[in-house]
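Have a look at the model below and keep the sequence handy.

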Amino acid sequence: MESRVLSRAGVFSSLAHLRKPPREAVGGASFVTVKTVGSLADGGNLIWGRQLRPELCSPALKKETVLLRPCLAAASSPAEGGDSAGEKVAPAGFFGKYPALVTGFFFFTWYFLNVIFNILNKKIYNYFPYPYFVSVIHLFVGVVYCLLSWTVGLPKRAPIDSNLLKLLIPVAVCHALGHVTSNVSFAAVAVSFTHTIKALEPFFNAAASQFILGQSIPITLWLSLAPVVIGVSMASLTELSFNWVGFISAMISNISFTYRSIYSKKAMTDMDSTNVYAYISIIALIVCIPPAVIVEGPALLKHGFNDAIAKVGLVKFVSDLFWVGMFYHLYNQVATNTLERVAPLTHAVGNVLKRVFVIGFSIIVFGNKISTQTGIGTAIAIAGVALYSLIKARIEEEKRQAKAA
């Protein structure tokens, strides 16, 4: 289940041709005044790890802006017009000295939380097979977490207007649909098989970009998707836990997240990712409640809750629901924070490795038996996703370098 969230990534490569701006000393710190004119040429936000088109930026971002960027005296020599050699600079902290180590910790935390969520989620479905209700719990716990965070000011709640709300509603609806159908698939088939099917998401993204958005997809990208389609087909034919409900639900999830990406490109905002994800979670929760009540409500009231409590006890049942919701929210939030720290290529590799970790650990924990063909098909599909991600990331990097030139 992928839930990648809106985040800011302003890129100021268009400033390279400007002359060196004067420095200003403020309270002993050195600053460079940078003046941006017109639109942020290579600007755009990252929504679930994807760079958005700069021409869709909100008008507010296109106004003339003056930014103050801190500069370290040690980083500039006198020949470059730096500050005096006698200026003392505070030593960098641990995070500044070891950025690679910190980024690695973020990746580890992201993977760890994601694996724990998938394992706990499947364990709940083994004694409480009600994915619509559990999906609501996932979002509900996250919304409560966000509301409490706003209450204490970590982070401070960003205001939202009707225009931004209209842009976020389609994103949240697609997010809700993809989330629910993913859970229906998790409840119906093995976790490893659901994630194998969800490896097809890049194929749907490429198809939507080509045939809906009218963007030209290079032939190399299409060719890299062939192993994904072949691998998923091989795995599906011999998957021991295969059933059509799980397969179709995972496919609907892929389509939903593809449309979420499309609508996200229109939902440009300079709001921080934590606040945006909170608003999307609130809207998605409202969307998910009616289907859960209609589809599973009568069965839950008749015997669903009683059966679960009889099997594991009330305390474990409630604690399992709370923790699976908490892990769902935390892994999505940490994923956002992680992807903000790295380049698109690292992001692409990270997403592929995350799926490998989840599939591998789910097979080990649940002891799922897989046929040789299913294992080979899964490996081929994951390799295809890795190849596609690497090619796409390099194409995006070449585009950014061309714009900066």
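How far apart in helix H12 are glutamate 397 and arginine 400, in residues and in turns? They sit three residues apart in H12 (residues 372-404), so about one helical turn separates them. Helices here are DSSP runs of H or I with at least four residues, while strands are E runs of at least two, and both are numbered from the N terminus. An α-helix has 3.6 residues a turn, so residues three or four places apart point the same way.

Before going further, some ground rules: this is a predicted model, so local features need pLDDT of at least 70 and side-chain atom pairs count only at pLDDT 80 or more, whereas totals for chains, interfaces and linings use all residues. Residues are numbered from 1 along each chain as its sequence is written, and side-chain values use heavy atoms, with hydrogens and water left out.

Glutamate 397 and arginine 400 form a salt bridge, at 3.1 Å from N to O; the term asks for a side-chain nitrogen of Lys or Arg within 4 Å of a carboxyl oxygen of Asp or Glu. Glutamate 397 is partly exposed at 32% relative accessibility, and arginine 400 is buried at 17%. Buried means under 20% relative accessible area, exposed over 50%, and partly exposed in between (1.4 Å probe, protein chains only).

The structure has two salt bridges. Lysine 316 pairs with aspartate 320, with 3.3 Å between the closest N and O atoms. These two residues are both in helix H10 (residues 314-339), four residues apart, or about one turn. Lysine 316 is partly exposed at 41%, whereas aspartate 320 is buried at 8%.

Now for helix H3 (residues 131-152). After H3 comes glycine 153, with a positive phi near 80 degrees.

What about cysteines? There are zero disulfides, a disulfide being a pair of cysteine sulfur atoms within 2.5 Å. Cysteine 174 is buried at 12% relative accessibility, and cysteine 288 is buried at 4%.

Finally, confidence. The chain averages a pLDDT of 77, and 74% of the residues score at least 70; pLDDT is the predictor's confidence in each residue, from 0 to 100. Over residues 1-21 the pLDDT is below 50, and this stretch has 78 contacts beyond near neighbours in sequence, a contact being heavy atoms within 4.5 Å. Residues 23-90 also stay under 50, with 135 contacts beyond four places in sequence.
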